[in-house]
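Subject: The two-chain model

Hi,

Here is the model I said I would send over.

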Amino acid sequence: MMVFLATMLGNFTTPMRIDTNPASMLWLLPLVVSIAVVYKATKVYKIRLWPFARESAVLFGSILVFIVVAAVILYGITWIVTEQLPSLLSRSTF
Amino acid sequence: MAQSWKDNHALFLISIGALAWLVPGAGHFALNERTRGLVIFVSIVLTFLVGIYVGSVGVIDPVHARPWYAAQVMNTPLVKLLGRIGATGNYRVFGRATEIGQIYTSIAGLLNLLCIVNAVYTAHLRHVGEAQA
């Protein structure tokens, strides 16, 4: 029992190994779930399991959609600035 | 005649706010919103613990990560104790795990701030409603 407890506490003293790759972005999903649940818990009139779960799921989906839209827009801006703009500037007469 | 705890409106609101800060969800629990308090408690504590688990206790650092700490301390005043441990520098923090840990623990704190404000506002509305009735 003590060994188990020590191991559990020890896990909180060393960071996990998470590589810097696109898969690490999946860590945002549990956070978005938490945000959606807590926000809806403060907003709904009365908490009942299925309506509350549905409202939280809708908010979770909405946040994800907006994150994806923001990511696509930022990717587009980066693509224009790094790929298109240098060639346009080099062809410019100015 | 001494006023009761609920009759002193300002003291009542401050107590609810302090309770909600001390234990996430306790403010709502004290207002008889038991399910709401439980949902808030589980969500915020779980988010905070995941952040500590991923990034280690070193992500709570009042010396080198002061802006993050300001948000983290909104979880509960007990975070100050963890801050003392983190500030010793004995716990390694590095890389993506630190970023994720800081984000999780700070967002948990900001969510609790939202719940504190909501609990105080709910208590105020109830008092106003009772006064008008």
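This is a predicted model: local features need pLDDT of at least 70, side-chain atom pairs count only at pLDDT 80 or more; totals for chains, interfaces and linings use all residues.

Residues are numbered from 1 along each chain as its sequence is written, chains are lettered from A and ligands numbered from 1 in the order in which they are written.

**Where the chains touch**

Chain A puts 20 residues into the contact and chain B puts in 31 residues (two residues are in contact if their C-beta atoms, placed from the backbone, lie within 7 Å). On the chain A side, α2(A) gives the most, with eight residues (helices are DSSP runs of H or I, at least four residues, numbered from the N terminus). That side of chain A has 12 nonpolar, seven polar and one charged residues (Ala, Val, Leu, Ile, Met, Phe, Trp, Tyr, Cys and Pro count as nonpolar, Asp, Glu, Lys and Arg as charged, and the others, Gly among them, as polar).

**The core**

The largest nonpolar core has 41 residues, and V38(A), A20(B), L111(B), C115(B) and A119(B) have the most contacts inside it. Such a core is a set of buried Ala, Val, Leu, Ile, Met, Phe, Trp, Tyr and Cys residues joined through C-beta atoms within 7 Å; buried means 20 or more other C-beta atoms within 10 Å of a residue's own, exposed means 12 or fewer, with C-beta atoms placed from the backbone. α6(B) gives the most to this core, with 12 residues. Leaving aside neighbours within four places in sequence, C115(B) is in contact with residues including V38(A), T42(A), A20(B) and I40(B).

**Helix α3(B)**

This one has 22 residues and reaches 31 Å from its first C-alpha to its last, close to the 32 Å expected (1.5 Å times one less than the number of residues). Its buried residues, I40(B), F48(B) and I52(B) among them, pack against α2 of chain A together with α2 and α6 of chain B. S56(B) follows α3(B) with a positive phi, near 80°.

**Helix α5(B)**

In residues 79-87 of chain B, V79(B), L82(B) and G86(B) are buried. They sit on the same side of α5(B) because they cover an arc of only 55° around the axis, taken from the directions from the helix axis to the C-beta atoms. L81(B) and R84(B), on the other side, are exposed. The buried residues of α5(B) pack against α4 of chain B.

Cheers

Technical notes:
Helices (H or I, at least four residues) and strands (E, at least two) are DSSP runs, numbered from the N terminus.
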